[in-house]
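Me: I am new to this structure and would like a close look at a single part of it. Please take the aromatic rings that pair with each other, and then the strands around them.

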Amino acid sequence: MLKKHVLIACMLTGLSACQTIPVQDTPDIAIEGTWLIEAVQGEAVIDYSPAQLVFADGGKLSGNNSCNEFFGQYKLDGQQLELSPAGSTMKACVDALMNQEQRVMQAMASVTQANESKGKLLLKDVDGNIQLSLTKTDTK
């Protein structure tokens with residue numbers, strides 16, 4: 001009787017060892033190109049503002065944050081996204097654009113993930129809050 005229980009236990013252990021949970025790699029989102037910033041932290045951008053992000057080969061990031069040009073790097077792994085602006089021009093603009101510029105830079109610093117939804121690229125923070133809502137301006 002003991003042999004029978006040991007044999008059943010071994011068979012069940014062997015069967016359960018064969019079951020694996022498939023690991024799915026999430027493919028990178030196609031973010032390369034120029035994206036117009038439509039909203040920052042839920043607030044629409046100023047109409048005449050050329051605010052945009054440009055994702056280029058090799059993880060190069062550049063753009064315009066309403067008033068000044070910036071450059072830096074980005075790292076994309078599936079839907080995980082890290083934006084690292086490294087420098088910018090230092091022009092002075094009207095207060096409304098300077099405030100928007102500050103919000104764009106704060107939003108970029110908090111981005112941890114990217115999702116595509118209905119033709120838009122949504123850049124979110126760690127809590128899933130949309131920081132930047134973007135629309136692609138080219139077909140690259």
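Reply: This is a predicted model. Counting rings whose centres lie within 6.5 Å, there is one aromatic pair. It is made by Phe 55 and Tyr 74: the ring centres are 5.0 Å apart and the planes stand at 90°, so the pair is edge-to-face. The cut-off for that label is an angle over 60 degrees.

Phe 55 belongs to strand β3, residues 52–56, and Tyr 74 to strand β5, residues 69–77, so the contact ties together parts that are 19 residues apart in sequence. Phe 55 and Tyr 74 are both buried.

Now the strands. β3 pairs with strand β4, residues 60–64, in the antiparallel sense, over five bridges. Within this pairing, Leu 53 has Gly 63 of β4 as its bridge partner. β3 and β4 form a hairpin, with three residues between them. In that turn, Gly 58 has a positive phi of about 70°.

β4 also pairs with β5, again antiparallel and over five bridges. Here Gly 63 has Phe 70 of β5 as its bridge partner.

Key
Residues are numbered from 1 along each chain as its sequence is written. This is a predicted model: local features need pLDDT of at least 70, side-chain atom pairs count only at pLDDT 80 or more; totals for chains, interfaces and linings use all residues. Side-chain values use heavy atoms; hydrogens and water are left out. Rings of Phe, Tyr and Trp (its six-membered ring) pair if their centres lie within 6.5 Å; planes under 30 degrees apart count as stacked, over 60 as edge-to-face and the rest as tilted. Helices (H or I, at least four residues) and strands (E, at least two) are DSSP runs, numbered from the N terminus. Buried means under 20% relative accessible area, exposed over 50%, partly exposed in between (1.4 Å probe, protein chains only). Two strands pair if DSSP finds at least two bridges between them.
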